[in-house]
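Colleague: I would like some practice in reading a model from its fold down to single contacts. Could we go through one together?

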Amino acid sequence: MIEVFNSLNDKINKVVADQTAVNAQQAVYNCAANSSISVLQTQVAQLLGMTKMVIPNSSVCPGWGNATVSVTTTPATTPAPQHN
C-alpha cells in the first residue's frame, strides 16, 4: 500500500507542478492581451471623440429625399468702435 501511495502521490505532485507552470504561462498571456485591449479601448475612445455618429438617410424609412451638404461662409464682423 505504501508503494502505491508513494507512486500516486508522486504522479499527483507532478501533475500539480505541470498545471502550475501552465497557469503561470497563461497569466503572462492574459496580461499581454489585457494590455493590448486597454490600448485599443483608448484609441477607439479617441476616434469616437473625433467623429459624429449619424443615421444614414438610406436607413430612414420612408427617407427624407436627397440630402446635400454645402459649405457656406459668413462675413467677418468688425467690432463697433468704442467711444470714450
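Predicted model: local features only at pLDDT ≥ 70, side-chain atom pairs only at ≥ 80, totals over all residues.

Colleague: How many helices and strands does the protein chain have?

Modeller: The protein chain has one helix and zero strands. Its radius of gyration is 34 Å, well over the 12 Å that the globule rule gives for 84 residues, so the chain is more spread out than a compact globule. The C-alpha trace spans about 105 × 55 × 15 Å along its principal axes.

Colleague: What percentage of the 84 residues is buried?

Modeller: Buried means under 20% relative accessible area, and here buried residues make up 0% of the chain. The accessible surface comes to about 8500 Å², with 63% of that belonging to carbon and sulfur atoms.

Colleague: Which residues make the nonpolar surface patch?

Modeller: Val 4, Leu 8, Ile 12 and Val 16 make a patch of about 360 Å². Val 4 lies in helix 1, which covers residues 2-50.

Colleague: And charged contacts: which side chains meet in a salt bridge?

Modeller: Look for a side-chain nitrogen of Lys or Arg within 4 Å of a carboxyl oxygen of Asp or Glu. A search of the whole structure finds one such bridge, where Asp 18 meets Lys 14 at 3.0 Å, N to O. Both residues lie in helix 1, four residues apart, about one turn of the helix.

Notes:
Residues numbered from 1 in each chain as written. Heavy atoms only, no water. Helix = DSSP H or I, 4+ residues; strand = E, 2+ residues; numbered from the N terminus. Rg over C-alpha atoms; globule rule 2.2 N^0.38 Å. Buried < 20%, exposed > 50% of the residue type's maximum accessible area, 1.4 Å probe, protein only. Areas by Shrake-Rupley, 256 points an atom, 1.4 Å probe, with all protein chains shown as cover. Patch = residues over 30% accessible without salt bridge, like charges linked within 9 Å, V, L, I, M, F, W, Y side chains within 5 Å.
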